[in-house]
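I opened my notebook beside the structure and wrote down what I looked up, one entry at a time. Come and read along.

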Amino acid sequence: MSKNTNPIPEQDFLQGLKNPLNRRSFLQYTGAGVAASALLLAGCDDDDDMTDTNMPGTVNLGSNDVGILNYAYALEQLEAAFYTAVVALPNFSTLFTSATERQVLTDIRNHEVAHREFFKAAITAAAPSQIIPSLTPKLDPSALASRASILATAKTFEDLGVAAYNGAGKLLTNPTFLSIAGKIVSVEARHAAEIRDMIENGTFASGAAGITSGNIVDANGLDVALTPAQVLAAAQPFIQETINGSNLPTT
């Protein structure tokens, strides 16, 4: 992916987090401070290296609640990297001639960066050796080649992200984490709806449920929920490292 050397809101945001006072305020605002405390009170085992030394290039998400947080962190890394690449495109304003659409994509980029940094800060504060490393996105150049391909990729990521949070909620044992996940998935759902409408007006939640069919809501008005195994299988082609979620809870 190309790197944008011009100052952008994400860079300002990340620079601000380097300041201890700003970082503390960010943690308080997002609830990461509460989440970190909950992790500590849960007595997490802080001895596991999340890089599998027996399988080079493989990242183990871990187990229990920390594993689920790493799972969410992995997905947020992917989304943040994608939207950062989109906004940094030299022809961004040519591909998206509407100022409104450019602002929407920039706002989504900023949200995904905030989500990524939230999980990074929360897990690092409580269990630094259990946090997964920064992942390497793997995007085909065609995904960034046109307005249509960008929005199609965004739709894939957003629909998958919502389904991932929906499916992972029941696996969390700490109510604090569940509350935070609910706040994040509601934002991801707003992204998904907006991206779908940018592709075709009025398709924000169309048809019968099924990610593969392109529809997300069933006849009962319920959104799709996917297991971590299903989500990781769909996300793996977009990540250089092999993600191992075999130790994540399933019930």
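This is a predicted model: local features need pLDDT of at least 70, side-chain atom pairs count only at pLDDT 80 or more; totals for chains, interfaces and linings use all residues.

**Entry 1: a phenylalanine to begin with**

Is Phe 96 buried or exposed? I looked up its relative accessible area and found 0%, so Phe 96 is buried.

**Entry 2: the overall picture**

Next I stepped back to the chain as a whole. I found 9 helices and 2 strands in the protein chain. Reading from the N terminus, I noted the order α-α-α-β-α-α-α-α-α-α-β. The protein chain has 251 residues, and 48% of them are buried. For the accessible surface I wrote down about 12,200 Å², with 55% of it belonging to carbon and sulfur atoms. I also looked at contacts between residues at least 6 apart in sequence: 74% of these join residues at least 24 apart.

**Entry 3: aromatic pairs**

How many aromatic pairs does a search of the whole structure find? I noted 5. One of them is formed by Phe 92 and Phe 96, with 5.7 Å from centre to centre and 50 degrees between the planes, and this pair is tilted. Phe 92 has 8% relative accessibility, so I put it down as buried.

Then I turned to Phe 157 and Phe 238. Why is this pair edge-to-face? The ring centres are 4.9 Å apart and the planes stand at 85 degrees, and edge-to-face applies because the angle is over 60 degrees.

I wanted to know where the two partners sit. Phe 157 is in helix α7, residues 147–168, while Phe 238 is in the loop between α9 (228–235) and β2 (242–244), so the pair ties together parts that are 81 residues apart in sequence. With 4% relative accessibility, Phe 157 is buried. Phe 238 comes out at 21%, so it counts as partly exposed. The cut-off for buried is under 20%.

I also found Phe 157 and Phe 238 in one aromatic cluster together with Phe 82 and Tyr 83.

Staying in helix α7, I looked up Glu 158. Leaving aside neighbours within four places in sequence, I listed contacts of Glu 158, among them Glu 79, Ile 108, Glu 112, Glu 188 and His 191.

My next stop was Leu 95, which belongs to helix α5, residues 92–95. Its relative accessibility is 17%, so Leu 95 is buried.

**Entry 4: Asn 60 in a strand**

I finished with strand β1, residues 58–60, where Asn 60 is found. At 14% relative accessibility, Asn 60 is another residue that counts as buried. What does a polar atom of its side chain lie 2.8 Å from? I found the backbone nitrogen of Gly 62 there.

Terms used:
Residues are numbered from 1 along each chain as its sequence is written. Side-chain values use heavy atoms; hydrogens and water are left out. Helices (H or I, at least four residues) and strands (E, at least two) are DSSP runs, numbered from the N terminus. Buried means under 20% relative accessible area, exposed over 50%, partly exposed in between (1.4 Å probe, protein chains only). Contact means heavy atoms within 4.5 Å. Accessible areas come from the Shrake-Rupley method with a 1.4 Å probe; for residues, only the protein chains shown count as cover. A polar contact is a pair of N or O atoms within 3.5 Å; within protein, one must be able to donate a hydrogen and the other to accept it, and residues adjacent in sequence count only if both atoms are side-chain atoms. Rings of Phe, Tyr and Trp (its six-membered ring) pair if their centres lie within 6.5 Å; planes under 30 degrees apart count as stacked, over 60 as edge-to-face and the rest as tilted.
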